[in-house]
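Open the model in your viewer and keep the selection panel at hand.

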Amino acid sequence: MTDRPDVEEREFRRPPSPSGPPPVSNVWVYNGKAYDLSDWISKHPGGEFFIGRTKNRDITSIIGSYHKNPEGIAKLIERYALNREALPEDIHPKANAPDFLFKEGFDSWRDTPKYRFDDKNDLLHQVKKRLKEPELAARIKRMDKVFNIVVIALAIAYFAVQGLRLWDTSWMPLPVFVIAMVLLRSSLAGFGHYAIHRAQKGMNKIFVNAFDFNYVALAFVTADGHALLHHPHTQSEVDIKKNVFTMMMQVPRLYRVPVHTIHKFGHTLTGMVIRLLDVCRLTRKVGIQDMYGTWGGALPHFIGSFGARFLLIAELVVFTVMGDFWAWALQFVITLWISTFLVVASHDFEVDTEDLHSDTEDWAINQLEQAYDLKVVGNRYVDCFLSAGLSSHRVHHVLPYQRSGFANIATEDVLREEAEKFGVEWLPAKSFFTDRFPKQIRTYVLSASDEAKEKNWGFMREHFSPSALKTCGVYMVQGFTGIGTV
C-alpha cells in the first residue's frame, strides 16, 4: 500500500476547523482531494445508491476497482472538485455505518487502506487491457446471458419444489425437499451476490434481494458492506465482513449453534424488517436526494427489500399452516449453517487482521493474495452456484464489476497468465467440504467464547457463569430486534 501523495505522513487527528469557511458536509475523498458529488448522485450510470452511500468516505479504491476506466472517472469528477486537500473531518469515523460493525478504536481516516491506481504497468491494468480483446469481450457477454438463463430456471425450480412439497409430500419426500432447498437457496443467493455488483438500476434493484434467500444477510444493508467496504478493502480493518461473522463467538461453544440459530430465526421473523424500517427512518432523516437522488431511485430498492423479507416470512407461515413446519425448519437450519460457512470460506477470516501481512503496493496482487477459489463438486460452472458465486473468487475480487460468475470463469485464464508474469502463484481451488469446512468448524463452533479466552475461564465457567448465560439470552433477543450479525 502507498500513501496518497497529498496526505503523505500526515498524523492522524481530528483537528479544529481551519481558518476561513468550514468544510462542507457533502464531501467525497478521492486521491487525497475533496469533492462534492451531490449533483452526481442521480446521474451515476451505476445507480444512485453507490454514490449516496459513499458520502464522507474515501472512494479512491472504489473508483479504481469498480470501473473499467478509472482514469476517465477521475477526469469526470474534476468538475465537482472543492479545490482543496481532504481533511480528517471530511471522513465519517465509522464510514457512515453502525459502530458495532468495526473494532473498537477504528477510524476511517486512519484505517482505510491507501492504494494508487495510476500505474499503467500494474496487474489490474494489464488484465483490463486483455479484456478489451474482441473475442474475449464477446465471450464474456455470452457468459452473462447464459448465467441469467440458468438463474431463471433456478427461480422456477425454487417455487416448484416448495409447491410440490405443500401439494403432496409423497411427491417431494423430506430428504429430497431439504437438499433441493439448500442447493436452490445457495444458488439464488449466488445470483443475488452478483446482482449486488451490477448497476443498481431498474429491475436489478429488486433482483438483488435474492441475496437474502439463504437467510444469512440483508441485501439492502449488505450491498454497502459487501460491495463498498469488503471488496475494495479486503481483509483490512474496513472490511466489516470479517467482523460480522465473528459475533457468534460471544456465545459459549456448546450453546453456539442453537443460540445463533435462534438469533437468525429472529432475524428472519422480525429482525430484518425492523432493520429495514430503520433504513427508512434514516433515509427520511438524511433526505431522499442525498441517499438516492429521487424517489424514483429509492422506491424499487425499498419494494424489493420488503418484498423479499415478506416472501421468506410467508413461506414460514404457509408451511406452518399446512402442518409441515418441521420440513421448513430443517431446511432453514441446514441452509443457514452451510451458507454461513460458505460466505466466510473464501478468505482467511479466522486469522487476525494484524497477522495478514502483504508487502505489495499493487491492489490487484493484494486481492489475489487475500482470496481463495472454492470447489464443491469440481465443475466450475456448477460450483459457481453451489458456492453462492464464489468458485472463481479471485477473478471476482480483481474484477468486481463483472456481472456474473460465468464471466469470471471465462476470464480466469487471462488473470492467471498475467498474475504469473508478476510472480504470483496461482493456487488450486480449495475444497469447501474437505478443506475449509473442517477448519471453520474448529474456529467458529469448537473454540472457546471470546469472554472465556479473555478471562482465561475453564469449560464449566464458560458455560455456566451468569455473564455467559446473560450473553446467550441477549444474543437471542437481539436477533428478533434486528441487532447483531447481518
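Select Glu78 to begin. This residue sits in the loop that links helix H3 (70–76) to strand E3 (81–85). The model is a predicted one. Is Glu78 buried, exposed or partly exposed? Its relative accessibility is 44%, so Glu78 counts as partly exposed, since that class lies between 20% and 50%. Leu37 and Glu78 are 41 residues apart in sequence, and their C-alpha atoms are 9.9 Å apart in space.

Next, go to Trp295. Trp295 belongs to helix H13. With a relative accessible area of 55%, this side chain's residue is exposed. Which element has the largest share? H13 does, with three residues.

Last stop: helix H19, residues 432–445. H19 spans only 16 Å, whereas a straight helix of 14 residues would span 20 Å at 1.5 Å a residue. Now colour its buried residues: Phe432, Arg436, Gln440, Tyr444 and Val445. Look down the axis of H19. These buried residues fall within an arc of 115 degrees, so they line one face of the helix. An α-helix has 3.6 residues a turn, so residues three or four places apart point the same way. What covers the buried residues of H19? Show helix H11 (253–286), helix H14 (325–343), strand E4 (374–375) and strand E5 (430–431), which are among the covering elements.

Notes
Residues are numbered from 1 along each chain as its sequence is written. This is a predicted model: local features need pLDDT of at least 70, side-chain atom pairs count only at pLDDT 80 or more; totals for chains, interfaces and linings use all residues. Side-chain values use heavy atoms; hydrogens and water are left out. Helices (H or I, at least four residues) and strands (E, at least two) are DSSP runs, numbered from the N terminus. The expected span of a helix is 1.5 Å times one less than its number of residues. Buried means under 20% relative accessible area, exposed over 50%, partly exposed in between (1.4 Å probe, protein chains only). The arc is that of the directions from the helix axis to the C-beta atoms. Contact means heavy atoms within 4.5 Å.
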